[in-house]
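Please walk through this model chain by chain. The sequence and coordinates come first, and the explanation follows.

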Amino acid sequence: MAIDERHHDARLKKARGMSYGIGLLKGMAITLRHLFKHNSVIQYPDERQDLSPRTRGVIALKEENCTVCMLCARECPDWCIYIDSHKETLPPKREGGRQRKRNVLDRFAIDYALCMYCGICVEVCPYDALFWSREFEYAEYDIRNLTHEKEKLSDWMSTVLPPPELEDGALLPGQPEPAVAGNGAPAPAAQAPTQPATASGAGDPSGTQTKQAAPPAASGDSDATQPSNTASLRETPSPAAPAAEATPPPEKAAETPPAAAPPAETPKAAEPKAAEPEPEAEPEPAKLSDEVVAQYQAEPGPNVEVPHEAPHPVALERTEDPEAVYQQVLQEQKDKGSSPQVAEARAKVARVKAERGIKRGPTPVEVEKPVPSAPTKGRPAEPEPGGAPEAKGIEPEPGPVAPTDEEKS
Amino acid sequence: MYEINLVGIEFTITAWQLLIVKLLVILTVVPVGALAGGYAMHKELGHLQHRLGPMYAGGFHGWAQTLADGLKFIYKEDIIPANADKRVFTLAPAIIFVPVMLLFLVIPIDRSLIIEDLDVGLFYLLAIGSVGVIGVLMAGWSSANKYALIGALRSAAQLIAYELPIVLTAATVAMLAGTLSITGIVEAQDWPFILWPPGIGLIAFLIFLVGAIAEMNLPPFDMPVAESEIITGAFTEYSGMRFIFGFFFAEMAHIVAFSGIAATLFLGGYRPIVPWAPLENIPGVIWFFGKFAFMFFFIIWVRFTFPRLREDQLQKFAWKFMIPASLALVLAAGAWVLYAPESLWR
Amino acid sequence: MARTGEFIPDSSEISKQISTGRMQTEEMVLNVGPQHPATHGVFRLLATIDGEVLTNAEPIIGYMHRGYEKLVEARDYRQITNLVSRMDWLSGINNELPLAMSIEKLMGLEVPPRAQYLRVILCEMNRILNHLMFFASFGAELGAITPTFYAFREREDIQYVMETVTGGRMHFGFFRPGGLKEDVPKGFYAAALASVRQVIDRLYQYEDLLTGNEIFKGRTIGVGVLDKETAYSYGVTGPIARGSGIDMDVRKDEPYLVYDHFDFNVHTGPNGDCFDRFWVLVHEVVESARIVEQAIEAIPSGPIMGKVPRVVQAPEGEVYVRTENPLGELGFYLVSDGGNKPYRMKIRTPSYNNVSALPAVLKGTMVADMIAILGSFFFVLGDIDR
């Protein structure tokens, strides 16, 4: 980098030297130019910016998916999720079966006065009950109203957008991992022509935009100390240029219409595949031909270590006859008093283990344990334990300022 | 008793009534001018900075923004610091604002459309313009605040330093025109002084402009009111109407006044820009406002483009560069007046 | 106040007496801050001034201490990721990087290449954001408010791109030990390239507005000189150190992520004054843009998360990881006792050391220069106080 260093030092020296007032005039010319440029101001609240689907605005709750596993409340760094629940028992599915226990959600509240919008709760929920929505206009005059209860959280569900399509080169579920790092550049380029050119109206200006960006970058770059690979950057357009319609490109001030127009087409262009938002990427995995797959798996590239476990077969040693085991365990269970379905299931498991030669321990037998909420055979239901108090409704604690009579009524 | 012929109507008016009319004109023109100037500044500033400026207040592109600001300030509590010298504190904004208002007395909008056509108009302008320094010192001293004191001292030093170039270039103009009366100066400008005599007029104009920007405490000479350093300098402790009158209003009115003065002294006032016959058809008012608007735009443009000069750089610039240059200019103008042949004049 | 009959010296006498030390002039103690528009946050500088000259300057910090190093002892690593981006809030994602890297080092996790490239792209974009912010604030402190708006306009575009990827504009919470939280959405390559290229297009204009301006040069050349030895002794890093001529950049000296794949310069300025620091700042933006371009060119396909157990527990041990935060060298010293929370995490922040060099630089300067120097010592209060 010796040449660049010298050039750079020379530039610095020149910049520090005398310029006799020319700099002042140049500065004035620049501000004057901006006087006549197109404005990029979005006049809120008359105009609104089209935010991305991932924008962390507010968290929405899908009540039917919640199983009250409490993972979100546990993982929240601010402990701002308040969950109350109780266990209910449902009648058994079949006659003589075991009563089913289910968690019922009583209260699910997120205190947005505490929430730091990190998204860990959304990320960690195993049942996809929490979603991000990009609404942010829920400021309140009273801080107590910032605790959204589950009704309000469910209302936010209508504003949740489906997740955006992932960029070229992302690993979609079902795809084998590409082993060669160098495939990165050709792969997106190869996939680029196959991308649907939806919302081409928005795509073309942005596509030409990026190409337009390159020549000015060339003229701008030539001033600076740039090594030779910028030359290559100028020729090759950006890899996913036709795919630029989705995420709104930034405005070239003089040319593009205000920011509202191209981004407005994003939700339509993204073509939500499912009516209900699902966080997993749903498009079908790209089908790669066998030769390509073989090539991927055969030659791991230099930069990538694909850790994978070689399957280790278990030695099969059949010592027992599977059928005999089945009958034996079935009888055992029936003697001990398990319900027929349970006995059958356990016997089947024992048979499979015997087939595979896996050692099996004693099959479990139902033990009469008193479960607090569910009445078992011959025992009355125990009273509900202390623990979480019932949610009484959305009446918050009175704060330090006592409510006036008007407010009380 | 005066006999006046106004747009074809003849009527007589006593001296007292004329005085009241003149006072009313001043009392309306100055605030309206300051408000409109403030609005224009906000809009220009916005667009220079790639944004829009006021858009909301009053509906159409926020025309009532400065009016709303002024009204808001009326509602503010009148706070006087406990340690402040009360009489001086309350008097200071008046001493800053009233001279600025009085500047408007001698600016002609059109032939004979001048509030008071003084024979010593230019002298009057320069004299009145210097009174504001005392007001700033009073404001800073009476505030009982270290920052305000620093600001006031800086301001006083700067104003005094830049008073001289203004006076000297104005003297140059007076020499070239041969009179101190403002209308006389405008009438002497068949070709505006900025174009003729070549060089002298242009340099005088530039020096006058720089001096004027410094007089008004505008960037790049706004050390005294450097917001990011000593908050508002001499006016730190002021709030409400006092602040508005002493600082914001006075500044805006001052910019408006000086734009008008610069347009009058150097650009030809209400006369056409070049002495070409068809241009005479456009009324003088339009010419004046056009030139005034250009000067205003230029001052605001310079104001928002440059960082501010440090105090010692400011002083160095004034004493080591501006004043010698304006002295040389006076010499040059004198030489021109004495020795240039008659045919070259106009 | 002289009484009648007392001799009142004239001005030449007075100046003679001051210079020979016989006349008493009092030094004024000026409190710059903690509420002051020029300091980036609640920062207090106890300045003793004699007329217009500073004789002593003592920075007083701690107004924003939030107890990070204690907070993180009670939170697991994913929660810490979200906390830590609030330290140096202008370069949010660069704070999460050494955290993720330290855990990966302790656990021996392998980060897939695509994740590493994406990390580089996001970090460099954040560097541009940070430098543009200081570009804006430096101009504003010197009185040029117009470049502030221009720089913020450029920041908007980049922040929008970051929002489409991470969901946030300032606090991202995107890096995880072993990779990233999720992959980037469609259109990211184009949008990132376009926004970065636009910054570079316009940067030369804005640079003219400031570094080409004679007034700016008069305010910054020769002002606030930080010489190499002082910088070394205080442990100053980042653009400030490079402005003093120290050729130090963790991305080049101990490359992490995939920085050794990229071709970029490290700018230094020989003089160590405000102008050189500013020059280095502006040109680092150009370098970051080049890195982003090269990274997008070369980004591979693949997963963005390595093989990470569900509960991230670092094994017992300690590790020190340092990265090049936009403001300097950010280091995380992580001591783990085998659980999913750190036992002790000491965070070495760049602004702390940078600010400690302030007294040495500020002595003997003028009050107006003090503002220029404060502005050129790019620091963020959250970084100093944690």
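**Sheets, helix pairs and an interface**

β2(C) and β3(C) pair in the antiparallel sense, over seven bridges. Two strands count as paired if DSSP finds at least two bridges between them. Helices (H or I, at least four residues) and strands (E, at least two) are DSSP runs, numbered from the N terminus. This is a predicted model: local features need pLDDT of at least 70, side-chain atom pairs count only at pLDDT 80 or more, and totals for chains, interfaces and linings use all residues. Residues are numbered from 1 along each chain as its sequence is written, while chains are lettered from A and ligands numbered from 1 in the order in which they are written.

Stay with this pair of strands. In β3(C), Glu58(C) is the bridge partner of Leu46(C). The hairpin of β2(C) and β3(C) has two residues between the strands. There, Gly51(C) takes a positive phi near 75 degrees.

β1(C) and β2(C) (residues 44-50) run antiparallel and are joined by five bridges. Val29(C) has Thr48(C) as its bridge partner in β2(C). Axes here are lines fitted to C-alpha atoms, for helices over the stretch in contact, and angles run from 0 to 180 degrees between N-to-C directions.

Chain C has another open sheet of three strands, in the order β6-β7-β8, and its pairing is antiparallel. β6 (317-325) and β8 (344-348) of chain C stand at the edges with a single partner strand each, so one side of each has no neighbour in the sheet. Neighbouring strands of this sheet are turned by 15 degrees against each other on average, direction ignored. β6(C) pairs with β7(C) (residues 328-336) in the antiparallel sense over nine bridges. Tyr320(C) stands opposite Tyr333(C) in β7(C). Helix α4 (residues 92-107) of chain C packs on the sheet and touches β6 and β7 of chain C. The direction of α4(C) makes about 150 degrees with that of β6(C). Contact between two residues is defined by C-beta atoms, placed from the backbone, that lie within 7 Å.

Next, a helix pair. Helix α5 (residues 113-142) and helix α6 (residues 146-166) of chain C have axes that come within 8 Å and cross at roughly 160 degrees. α5(C) and α6(C) are therefore roughly antiparallel to each other. The cut-offs are these: angles under 35 degrees count as roughly parallel, over 145 as roughly antiparallel, 65 to 115 as roughly perpendicular and the rest as oblique. The crossing of α5(C) and α6(C) is left-handed (the near helix is turned anticlockwise from the far one by less than a right angle; clockwise would be right-handed). Residues making the contact include Leu129(C), Leu132(C) and Phe135(C) of α5(C), and Ala151(C), Phe152(C) and Ile158(C) of α6(C). By class, this contact has 13 nonpolar, three polar and two charged residues. Ala, Val, Leu, Ile, Met, Phe, Trp, Tyr, Cys and Pro count as nonpolar, Asp, Glu, Lys and Arg as charged, and the others, Gly among them, as polar.

The axes of α1 (residues 15-48) and α2 (residues 65-74) of chain B come within 8 Å and cross at roughly 120 degrees. That makes α1(B) oblique to α2(B). Leu35(B), Gly38(B), Tyr39(B) and His42(B) in α1(B) meet Gln65(B), Thr66(B), Leu67(B) and Gly70(B) in α2(B). This contact divides into three nonpolar, five polar and no charged residues.

Where do chains B and C meet? In all, 22 residues of chain B are in contact with 23 residues of chain C. On the chain B side, α9 (227-230) and α12 (311-339) each supply at least two residues. α9(B) gives the most, with three residues. A cis peptide bond joins Pro219(B) and Pro220(B), with omega about 0 degrees. Pro220(B) is found in the loop between α8 (200-215) and α9 of chain B. Val68(A), a residue other than glycine, has a positive phi near 55 degrees.
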